[in-house]
Amino acid sequence: RNARGLIQLYARDGRSGHMLALTQLRAGTPDRPWSAPADLGVSYVGRPAIGLSPAGAVAVAALAHERGSVWLLEGAAVTSLGSGIVSAPALRTIGDTLYVAGRSAGPKQDYWLWARSGGKWHAPRLLPAPSMDGGASFNTPPQPGTAPGGPFQKPVLSAKAETKAPVLAK
């Protein structure tokens, strides 16, 4: 939903490959009237990422083409981010910062991260690939009744009154 509480939908035009936007004309259920599809003038591949900007407006990130840049669409504004991106982008707002990420075309699975806060873009950062085993919190599943190693070597336990079962304290 956009800042006015209306549902916005995005689709690809089958002929031009351009992104289309449709907006609910009045708040309510999806069976209410909708705007005619508006051609946003950008073609893209894959699945776009859709979220809200720090101001609460709808933001859409989409891959322009394989090994291309990421389009960021916000209202009538279109921003091109980076180049050599090979994955569908991710988009997330945390606090007053909008983040957009996409996998680099390099030999490793590195990710470019763009961040904008206070209306100002920060220098993009290349983040290293995740570890090959998918993480390092623990190597083997913990046994029932134990906590994994790491910062929780000695968990604080409390008893649940109704079951007397130990639980980790918050």
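This is a predicted model: local features need pLDDT of at least 70, side-chain atom pairs count only at pLDDT 80 or more; totals for chains, interfaces and linings use all residues.
Let me begin with L22, whose place is in strand β2, a strand here being a DSSP run of E with at least two residues, numbered from the N terminus. Residues are numbered from 1 along each chain as its sequence is written, and side-chain values use heavy atoms, with hydrogens and water left out.

Staying with L22, its partners in contact (heavy atoms within 4.5 Å), once neighbours within four places in sequence are set aside, are I7, Q8, L9, W34, S35 and P37. Of these, W34 is twelve residues from L22 in sequence, and the two lie 6.6 Å apart in space, C-alpha to C-alpha.

Now to the sheet, which is open and made of three strands in the order β1-β2-β3, with antiparallel pairing; two strands pair if DSSP finds at least two bridges between them. Its edge strands are β1 (8–12) and β3 (38–43), each of which pairs on one side only. Strand β2, residues 18–23, pairs with β3 in the antiparallel sense over three bridges, and A21 stands opposite A38 in β3.

Finally, the rings: R12 lies over the face of Y44, at 4.1 Å from the ring centre, where a charge sits over a ring if NZ of Lys or CZ of Arg is within 6 Å of the ring centre and within 35 degrees of the ring normal.

Note on methods. Helices (H or I, at least four residues) and strands (E, at least two) are DSSP runs, numbered from the N terminus.
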